[in-house]
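Hi,

Here is the structure I promised to pass on. Please have a look at it first, and then read my notes below.

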Amino acid sequence: MTIVGARVGFLRGDYGHDLAENPRFPTWPCTFDPMEAYRPLIEARRAGREAVRLFLCEGGEGLRLGADGAVTGVSERLLHAIEVIQEGAALHGLYLYWSLLDASSVEEGDAVTGSILAGGDAAARFAERVAAPIAKALDPQRTLALDAVSGATGESAEAVALIGDAVRAEAPIVITAGASAAHLPAVWRGGKLDGVDVRGPLATRAELAAALEDPRVAEERVPLFAGDAEAPDAPGYAAVFV
C-alpha cells in the first residue's frame, strides 16, 4: 500500500531558517516554536495524509562554519527541532521524509551547499560532521527515508554516496536522492542509493529498472518514492508526497 504524504517543505515560509539559524545570513531570525511545528503535522493528518516531507539544511541552515567557510558541525537548535517534530509526528501517527540538502539553493548563490555537492573534502566534512549527527537524532520508527540531496544530478552523486555512508553507519535509514528522469541514472550509478525518488512524471517499476539498467529496481525490496508528486495515484510506490 502506498503512503500518501504532504510536502510541507519548511515552516511559515521561512526557507533556510525555519528550524535553526543560518550562518550565511546571521541577521535572519529563527523563531522555531513547537506549536508552529505541530500545526502542519496536524493539518496533514486532518487531510488524511500519513507522512510529511520536510527540509533540514536547505540553503545552509543549521550548519556551523569555520572562519574559512568550511563546515565544522551542526547546530544544536536543528537537532532539537528534529526531536520536537518527531515527537509531534509520533503523537499524530505520521511518518517523516527528510530532505537534507536542496540543490536548487546553489542557483540562488548558496556557495556552501555548492561546495558540498561538488564532492571531495567539503562533502566528506559535511557527511561526518552534519549528516552523521543528524542520523543519530532521527527516529528509525518515524523515518521513511532520508533524501540526501533534493534535485540531485550526476555531479552531486559523490556527495550523495558520502552522506549515505555516514548515515547508515549511525542508523538503519533508507537513503534516496530526489532527481528528475534525466539525472536519475547518473545519481543511481554513483550515489549508492537504497531507494529511488522520482521527481516529475512517474515511471513504473519496470520502466525505472530499464532506465537505470539495474534489475534490482524491478524488485520490491528497492522502495520507490515520489517526493514531488502531482497526484497520489502511484501503484508500486512506497510513498508519494503531494
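By class, the residues lining the largest pocket are three nonpolar, five polar and two charged. Bear in mind that this is a predicted model. The space in that pocket comes to about 160 Å³. If you want to find the pocket on screen, its lining is made up of Ala 103, Ser 104, Val 106, Glu 107, Gly 114, Leu 117, Gly 151, Thr 153, Glu 155 and Ser 156.

Next, the helix pairs. Helix α1 covers residues 34-46 and helix α2 residues 76-91; their axes come within 9 Å and cross at roughly 40°. That angle makes α1 oblique to α2, and the crossing is right-handed. On the α1 side, the contact uses Pro 34, Ala 37, Tyr 38 and Leu 41, while α2 brings Val 84, Ile 85, Glu 87, Gly 88, Ala 89 and Leu 91. Sorted by class, these contact residues are eight nonpolar, one polar and one charged.

The other pair is helix α4 (residues 120-137) with helix α5 (residues 157-168), packed at an angle of about 35° with axes 8 Å apart. Here, too, the crossing is right-handed. Alanines feature in the contact on the α4 side, including Ala 123, Ala 124, Ala 127 and Ala 131, and Gly 120 and Phe 126 also take part. Among their partners in α5 are Glu 158, Leu 162, Ile 163 and Val 167. The contact of α4 with α5 divides into 12 nonpolar residues, one polar and one charged.

Best wishes

Methods:
Residues numbered from 1 in each chain as written. Predicted model: local features only at pLDDT ≥ 70, side-chain atom pairs only at ≥ 80, totals over all residues. Heavy atoms only, no water. 1 Å grid on protein atoms, 1.4 Å probe; cavity = no way out; pocket = protein on both sides within 12 Å on 5 of 7 lines; lining within 4 Å. Points joined across faces, edges and corners; volume = space filled by probe spheres on them. Nonpolar A, V, L, I, M, F, W, Y, C, P; charged D, E, K, R; others polar. Axes fitted to C-alpha atoms, helices over the stretch in contact; angles between N-to-C directions. Helix = DSSP H or I, 4+ residues; strand = E, 2+ residues; numbered from the N terminus. Parallel < 35°, antiparallel > 145°, perpendicular 65-115°, else oblique. Left-handed = near helix turned anticlockwise from the far one by under 90°. Contact = heavy atoms within 4.5 Å.
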